[in-house]
Every structure is written in C-alpha cells, then in structure tokens.
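I've got one structure to walk you through, so let me put it up.

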Amino acid sequence: CSIGEGIDQIYGMIDASFANHGNGKSQSGMALMLGSTLIMAKSTKQKIVSKDSTEAELVALSDMMRHVDKANQFMIAQGMVMQTPILGQDNQSTISLVTLGGGIWRNKYMKVRQESVRERILSNDFIVKYYPTELMIADILTKPLTGNVFREMRDMLIGKVVLPCA
C-alpha cells in the first residue's frame, strides 16, 4: 500500500518543530497531497508560544486542517467522489489528545484547539493517522535537514519516491 494509489483522497501531512525561533515560537509545516502529488506546501512560524512539542503539533494541526478541508471541498465541487481526508501526524501524544480527549491545559485556547480538531475527527470529516518521523515529509518544511535525510524527504515530497502507507 502507498499514499496516492488514486486521486480520490487528500492527505495533509502536518508537522511542527518546537521552539526553534528566538522568541520561543515553533514552526508549522504542511505538505498537502492529492494522492501522491504535492498540491501545496506551507511553512510558517506559529503565532503563539507553546510549552511543549505536543502543544506545538496541536497548534500546527488545528491551523493547517483548514487547508486540507478546503482542498477536499474543492475536489468535491469539481464533481469528484472523495474519500475522507487524512491528517498525517508523527506525534502520538497529539493523536491521543484529538482522538481520545483529556489532557490538562494551561489555558482555554489550547483546549479549544484540541476540541475543534477532535470534533471534526469524531464527525468523520477527517481521519488522523500516525506516520513515523522517517515518513513525515512535512519535516522538510519545519526543520533543517541535511545529507541523505534531506534528499529522501525531498524525493518523497516531489513524488520521485512513492511514500508508503504507515
């Protein structure tokens, strides 16, 4: 099995790099795929400071999810019958927060982010799926990679190497 066996599914591979800016803010990145084809790449500094990598991943997931939704809605408007979009994540703690709930939050804003993503997953608008770090192609958009790791991620991102299912 590999990502993109057809063009009837949107994948949002979403990642964050925790506190890599001088002001303590994290970096969000997303590779938006239609099947195995990259249709959008986005990398941006997060607008809020998160206290750990799980929070940073949650901020990235909640901010980038709208792009996945818009791409899926666009394909449906073109007459395509689409499968449920997949949100790819490499942080299992974040996946637990948005699928199982729970957590202790330092402010209500993080709880709102968690619940907004969780609501969309529970209503089957999205599927969140774990992808190990070596398959998380959004890493190339959030942190400096070098050598073979960079080349492998680049090749997966541009479709030169088919990204296997996690």
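Predicted model: local features only at pLDDT ≥ 70, side-chain atom pairs only at ≥ 80, totals over all residues.

Five strands make up an open sheet, and if you read across it the order is 3-2-1-4-5, with mixed pairing. The edges are strand 3, residues 37–45, and strand 5, residues 127–130, and each of those pairs on one side only. Going from one strand to the next, the twist averages 20°.

Let's zoom in on one pair. Strand 1 covers residues 10–17 and strand 2 covers 27–34; they run antiparallel, with eight bridges joining them. If you want a landmark there, look for Tyr11, which sits opposite Met33 of strand 2.

Now the helices. Helix 1, residues 53–77, lies across strands 1, 2, 3 and 4, strand 4 being 86–89, and it runs at about 160° to strand 1. Helix 2 is residues 92–100; it lies across strand 4 and strand 5, at about 155° to strand 5.

How do those two helices sit relative to each other? As a reminder, you describe two packed helices by the angle between their axes and the distance between the axes. For helix 1 and helix 2, the axes come within 8 Å and cross at roughly 60°. The crossing of helix 1 and helix 2 is right-handed.

Who makes that contact? On the helix 1 side you've got Thr54, Glu57, Leu58 and Leu61, and on the helix 2 side Ser93, Thr94, Leu97 and Val98. Sorted by class, that's four nonpolar, three polar and one charged.

Take Ala16, in strand 1. Is Ala16 buried or exposed? Its relative accessibility is 8%, and the cut-off for buried is under 20%, so Ala16 counts as buried. Ala16 and Glu57 are 41 residues apart along the chain, yet their C-alpha atoms are separated by 5.1 Å.

And what does Ala16 touch, leaving aside neighbours within four places in sequence? The list is Gln27, Ser28, Gln46, Ala56, Glu57, Ala60, Thr142 and Lys143.

Methods: Residues numbered from 1 in each chain as written. Heavy atoms only, no water. Pairing = 2+ DSSP bridges. Helix = DSSP H or I, 4+ residues; strand = E, 2+ residues; numbered from the N terminus. Axes fitted to C-alpha atoms, helices over the stretch in contact; angles between N-to-C directions. Contact = heavy atoms within 4.5 Å. Left-handed = near helix turned anticlockwise from the far one by under 90°. Nonpolar A, V, L, I, M, F, W, Y, C, P; charged D, E, K, R; others polar. Buried < 20%, exposed > 50% of the residue type's maximum accessible area, 1.4 Å probe, protein only.
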